[in-house]
Amino acid sequence: MKKYILKRAVISLLTIWVLVTVVFFMARMMPGGPFNNPKLTPEARANLAAYYGFDKPLLQQYMTYLGNLLHGNFGYSTKYPGRTVNDLLRGSFPYSADLGIRALVMAVSFGLVFGVISALNRGNRIDLFFVVVAVIGTSVPDFIMGALLQYFFAIKWGLLPIAEYKGLSYTVLPAVGLGFYTMASVSRIMRASMLEVVQQDYIKTARAKGLSGLAITWRHQIRNAIMPVVTILGPTVAAVLTGTFVIESIFAIPGMGKYYVESVQNNDYSMILGMTAFYGAFLVLCNMIVDILYGIIDPRIRISK
């Protein structure tokens with residue numbers, strides 16, 4: 001297991017290096033630049049380029065950036081003068097992570113329960129209800145879902161705050177809006193997997209041995225049906241925990257999504273690279289954890305020498 005984890009760690013580092021390299025050169029190929037403000041004189045643009053090191057050869061810029069990246073330094077933002085990308089990440093990621101954890105717990109918990117209940121009641125009204133909910137959740141865009149939640153629960157019924165992020169009650173609507181799609185996806189996958197598992201020979205054998213329906217469902221069906229759900233959790237966790245621009249914008253949450261979009265719009269090279277490297281490392285880490293969880297959840301999966 002240790003050798004496997006070490007191998008995965010090396011591959012993960014190489015993946016992040018390739019990602020940073022590709023994004024570094026693609027960002028420089030984007031039309032325009034970080035100092036395209038028409039109010040700036042050519043001399044001012046030249047001075048700013050020299051200050052940020054953009055006047056040096058591209059390969060030298062790349063090597064300098066890699067050296068800074070190894071020390072955890074993402075550089076200075078051109079959109080927010082005097083502020084480093086590290087500072088902006090430290091200020092925005094806690095909001096995105098807090099919202100993401102709440103949305104993820106809600107989505108996975110309810111998604112698994114809904115999927116199991118739907119599969120156990122296949123063909124009746126309960127199954128139809130949860131299938132309809134799952135279809136709506138995977139079909140309605142985030143900005144529509146967020147707007148509907150605000151209209152009904154905040155404006156029309158006055159049950160919850162409409163926006164901002166000041167306390168527990170403020171987190172309910174954005175967490176539901178962010179996690180609804182994930183909940184619907186988990187529910188659909190869990191239902192389909194449960195229906196597939198129920199046809200397996202070991203389920204029939206368990207029934208023949210006289211095991212109760214609850215024991216069969218818990219010990220055999222759920223444990224084996226949950227593997228496809230675990231598979232999608234890697235990228236899902238990374239995406240949810242690092243923030244979603246649409247939901248954060250609708251509910252006025254100062255998370256990472258705002259800075260990510262602004263960095264592309266303003267050709268903020270340091271911010272683009274910093275956010276991408278941070279998100280990429282998070283995604284790779286989540287996928288590696290999911291791979292390790294395979295062997296824990298399913299005893300049939302073992303890592304050989």
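Which helix supplies the largest share of the lining of the largest cavity? The model examined is predicted, with local features requiring pLDDT of at least 70 and side-chain atom pairs pLDDT 80 or more, whereas totals for chains, interfaces and linings use all residues. Residues are numbered from 1 along each chain as its sequence is written, and side-chain values use heavy atoms, without hydrogens and water.

One cavity of 30 Å³ or more is present, a cavity being a set of points on a 1 Å grid over the protein atoms alone where a 1.4 Å probe fits but cannot get out. Its space amounts to about 30 Å³. Helix 7 provides the largest share of the lining, three residues; helix 7 (168–197) and helix 6 (142–156) each contribute at least two, helices being DSSP runs (H or I) of at least four residues. The lining residues, which have an atom within 4 Å of a point, include Asp142, Met145, Phe180 and Tyr181. By class, five are nonpolar, two polar and one charged.

The structure also contains 20 aromatic pairs, defined by ring centres within 6.5 Å. Because phenylalanine 24 lies in helix 1 (residues 2–29) and tyrosine 65 in helix 3 (residues 58–70), the pair ties together parts 41 residues apart in sequence.

Definitions and conventions:
Phe/Tyr/Trp six-rings, centres within 6.5 Å; stacked < 30°, edge-to-face > 60°. 1 Å grid on protein atoms, 1.4 Å probe; cavity = no way out; pocket = protein on both sides within 12 Å on 5 of 7 lines; lining within 4 Å. Points joined across faces, edges and corners; volume = space filled by probe spheres on them. Nonpolar A, V, L, I, M, F, W, Y, C, P; charged D, E, K, R; others polar.
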